[in-house]
Amino acid sequence: MAKLKKRYRRNHCQLSAPINHHLFWRITPMKPYLLTALTVLTLAATGPSFAANEAHDHGHGTTSATLQLNAGKKWETDAPLRKSMGEIRQSMASSLHAIHENKLSSKGYGALAKKVEDAVGNMVANCKLGTQADEQLHLIIADLLAGAEQMAGKVKQAKRMDGAVKVIGALDNYGKYFDDPGFQPIAH
């Protein structure tokens, strides 16, 4: 332990506050792993929030951000994006009949909202698009998350069904603006 303390003092700046040395020196060798694990968990848990903030910030400049093609072509996608959007599409399509018939319960809407939020979190954590494609994707993510909030009942004076409509609209826009050959819009 003395060698570890000496090496730490030589390679790192001195700490100004007193610390519990027994606890500190036991944790220090694992610190990089702990920091990495905590960072990954934090990003996974807050990914949708960051995505919403990013998307929200895009529309408040001097011009309003709108979806557009990439010089007449659809934007590129990557495997994590295609997988997550496919999961959202599947979840929405499997609940579509109950939504149309006004038979989906509050609990059902909440579960559907959670699936959308989880898929968006995975998308944000793993997607590696170019800057411009990412900016366009954030507009779709904002609609997905806004729809999920409505479906979860977090928006007062809003119908849960309207949240589902918003999510389906975001899926339609994804199909129009992003190159995902296996993606089929939901017929509604």
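Predicted model: local features only at pLDDT ≥ 70, side-chain atom pairs only at ≥ 80, totals over all residues.
Guide: Helices here are DSSP runs of H or I with at least four residues, and strands are E runs of at least two, numbered from the N terminus.

Visitor: Thanks! Where does Cys 127 lie, then?

Guide: Cys 127 sits in the loop between helix 5 and helix 6. Residues are numbered from 1 along each chain as its sequence is written, and side-chain values use heavy atoms, leaving out hydrogens and water.

Visitor: Is Cys 127 buried or exposed?

Guide: Cys 127 is buried, at a relative accessible area of 14%. Buried means under 20%, exposed over 50%, and partly exposed in between, with a 1.4 Å probe and protein chains only.

Visitor: And which residues is Cys 127 in contact with?

Guide: Leaving aside neighbours within four places in sequence, Cys 127 contacts Asp 78, Pro 80, Leu 81 and Leu 137; contact means heavy atoms within 4.5 Å. Pro 80 is 47 residues apart from Cys 127 along the chain, yet their C-alpha atoms are separated by 5.6 Å.

Visitor: New topic: how many helices and strands does the chain have?

Guide: The chain has 7 helices and 0 strands.

Visitor: What about the largest nonpolar core, how many residues has it?

Guide: It has 34 residues, and Met 92 is among those with the most contacts inside it. Such a core is a set of buried Ala, Val, Leu, Ile, Met, Phe, Trp, Tyr and Cys residues joined through side-chain atoms within 4.5 Å.

Visitor: Which helix gives the largest share of this core?

Guide: Helix 6, with 8 residues.
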